[in-house]
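Let's take a friendly walk through a protein model with two chains. Keep the sequence and the 3D view open while you read, and look up each residue as it comes along.

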Amino acid sequence: MVRIFWAALLLGLAGAGLAQDMPAARHDMAAKWLARQAVARPLALAASFDAKGRLWAAWVEGGQLRVARSEDGRHFTWPVIVNALPETIAAEGESRPQLAVSGDGTLHLVWSIALAKPYTGHVRYSRSTDGGRSFSAPITLNDDSAEISHRFPALLVEGRRVLVAWLDARERQAAQAAGEKFAGASLYLAESGDGGASFGPNRRFVAHSCECCRLALAWRQGAPMALWRQVFDGGVRDFALADLRDPASLQRASDDDWRIDGCPHHGGGLAADDQGRLHLVWFTQGRLRQGLFYRHADPGRFSPPMKFGNDAAQAGHPAVLATGRNVTLAWLEFDGQTNQVWTLHSRDRGRHWGPPRRLATSAGGVDYPILLARAGKPWLVWHSEREGLRAWALTP
Amino acid sequence: MRRLLRGLCLWLALSAGPAWADAPKPFTVATPAALQQRFAGQPYLLAFWSIDCPHCQGELEGFARLLRERPKLPLVLVAVDAPAQAPQVAARLAELGLSDADNWQFAEARPERLRFAVDRQWRGELPRSYLFDAAHRRQAVSGALSEAAVRRWLETLPD
């Protein structure tokens, strides 16, 4: 009954949006989002454990971000709505809401909303300081209001520090207005030092990021690190790694030589272990290597790329998690009938690896697998159309 | 599943109606093999695009120019957008002057199934094209095909 009610409301919203906007703009992306979400509830969600080991999940329904909590990873509390006014929230593949819980229990959420013009959006933020009972009125983090792309936000929280990074088209727009070509987008940042109560001015970190691959962020011993697909010379879309405090720290993290005049819609994953080693996973179809790869990075040194996943089963969308000396990889495969989540484990910080294991399957539509740490142990969360949200404690 | 079937029926009914005569045809798991049969012994170009893909737009403009020059160009265009996006796909094709091209659109809610039927290795990056020679050996290309590259391929074709 509840579902029918929401479907009806959604269809109503979508209908209203379309009717209103159709004459003005032939491809109103905002209306498009609503229409799409009216047909199917987006599968892309965000999840995180809090310090007490409770699982939090955030998903989109009817243009509203909903947050619920679970003690056991199966049963969830009645969801609380974050944005009272429906928004055209992106919740698909690489572009989805992000959720983080700081040590004091504050919940932080970022997401992007689609604007009328194609490939445009704004980055939104809200937080809860009362354990998820209520959320602050959403604010827009990008400090220019142009109808251009400010999308694919990523979130990194530690204590009172809240760092948000996203892909921003400001520089691209300015270059194009001056009649110049501009490859990709730019990586922009906004940071809060007071737990998200206020944010400093936007900071441009680097130009020429790929424009539609997710960003991956991780704290390395207090340093905010980022892994993202960057457009290098000659239109090569390989990965870059940097300390977000210093643009000069940028280094190339993969040398696959993927020259592509297009967007892979396929970002990487990043984790840092407590001894400061970074663990990277990514996808490429480059000239030098193709498929999914893992490598780790110590200051000044990368391990050779290690291939994983079955190329003949669309192996993709990898995630990585470091818990103590354990490193866990997870990814998605499709065998023609079912989607499957596969995992790989290392017990010695990525030097040796066990055999790949198939953790779960689903015969319907699926989200990417999400790896999370719960009290220092690896967990995997997977949302699928038929089975709903499932969570597993992994044995390394 | 029932919902999916209902959607599919609605989609087929709509695409069969006269007002939708030039709407893209539904691309199913059976379509890649059907195309191979249709082009038996002939080369063809199979190109996938989406209304969400900025890099696809320039490539489609190039295809539109080529089709004006060579109306019989063996070009198959497939939008990977969900069935619900049919109006937006049709509108974009109309804007590009491509409504009369050999247009198809993904007819399933699970694009991975359709991608699997085309090419097990394709992870969904766009644009994605396949250049088939007369023996149907194919060359897969991720990223926009330049007009020059298509013209080079055309030169290898028999007239």
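## A helix crossing in chain B

The crossing of α3(B) and α6(B) is right-handed; a crossing gets that name if the near helix is turned clockwise from the far one by less than a right angle, and is left-handed if anticlockwise. Helix α3 covers residues 54-69 of chain B and helix α6 covers residues 147-155, and the two pack at an angle of about 40° with their axes 10 Å apart. Here an axis is a line fitted to C-alpha atoms, over the stretch in contact for helices, and angles run from 0 to 180 degrees between N-to-C directions. Helices (H or I, at least four residues) and strands (E, at least two) are DSSP runs, numbered from the N terminus.

Which residues of the two helices meet? From α3(B) come Gly62(B), Phe63(B), Arg65(B), Leu66(B) and Glu69(B), and they meet Glu147(B), Val150(B), Arg151(B) and Leu154(B) in α6(B). Contact means heavy atoms within 4.5 Å. Sorted by class, this contact has 4 nonpolar, 1 polar and 4 charged residues. For that count, Ala, Val, Leu, Ile, Met, Phe, Trp, Tyr, Cys and Pro are nonpolar, Asp, Glu, Lys and Arg are charged, and the others, Gly among them, are polar.

## How to read the model

This is a predicted model, with residues numbered from 1 along each chain as its sequence is written, and with chains lettered from A and ligands numbered from 1 in the order in which they are written. Local features need pLDDT of at least 70 and side-chain atom pairs count only at pLDDT 80 or more, while totals for chains, interfaces and linings use all residues; side-chain values use heavy atoms, with hydrogens and water left out.

## What surrounds helix α3(B)

Several residues of α3(B) are buried, including His55(B), Cys56(B), Leu60(B), Phe63(B) and Leu67(B). Buried means under 20% relative accessible area, exposed over 50%, and partly exposed in between (1.4 Å probe, protein chains only). Gly62(B) and Leu66(B), which belong to the contact with α6(B), are also among the buried residues.

What covers the buried residues of α3(B)? The cover includes β2 (44-49), β3 (75-79), α4 (86-95), β5 (128-132) and α6 of chain B, together with β15 (236-243) of chain A.

## The whole of chain B

Chain B has 6 helices and 6 strands. Starting at the N terminus, its elements follow the pattern α-β-α-β-α-β-α-β-α-β-β-α. Of its 159 residues, 53% count as buried. The accessible surface of chain B comes to about 7400 Å², and 56% of it belongs to carbon and sulfur atoms. Areas like this come from the Shrake-Rupley method with a 1.4 Å probe; for residues, only the protein chains shown count as cover.

An open sheet of 6 strands in chain B has the order β1-β4-β3-β2-β5-β6, with mixed pairing. At its edges stand β1 (25-27) and β6 (138-142) of chain B, each with a single partner strand, so one side of each is left without a neighbour in the sheet. The twist averages 25° from one strand to the next. Within this sheet, β2(B) and β5(B) pair in the antiparallel sense over 5 bridges, and Leu46(B) stands opposite Tyr130(B) in β5(B). Two strands pair if DSSP finds at least two bridges between them.

## A sheet in chain A

Chain A has 3 helices and 28 strands, and buried residues make up 60% of its 396 residues. In one open sheet of this chain, 4 strands follow the order β1-β2-β3-β4 with antiparallel pairing. The edge strands are β1 (46-49) and β4 (80-81) of chain A; each has a single partner strand, so one side of each lacks a neighbour in the sheet.

Let's follow the strands in turn. β1(A) and β2(A) pair over 4 bridges, with Ala46(A) opposite Ala58(A). Their hairpin has 5 residues between the strands, and Gly53(A) in the turn has a positive phi of about 85°. Next, β2(A) and β3(A) pair over 7 bridges, and Trp56(A) stands opposite Arg69(A). This hairpin has 2 residues between its strands, and Gly62(A) takes a positive phi near 60°. Finally, 2 bridges join β3 (residues 64-70) of chain A to β4(A), where Val80(A) is the bridge partner of Val67(A).

## Both faces of β2(A)

In a regular strand the side chains alternate between the two faces of the sheet. In β2(A), Leu55(A), Ala57(A), Trp59(A) and Glu61(A) lie on one side, Trp56(A), Ala58(A) and Val60(A) lie on the other, and all are buried.
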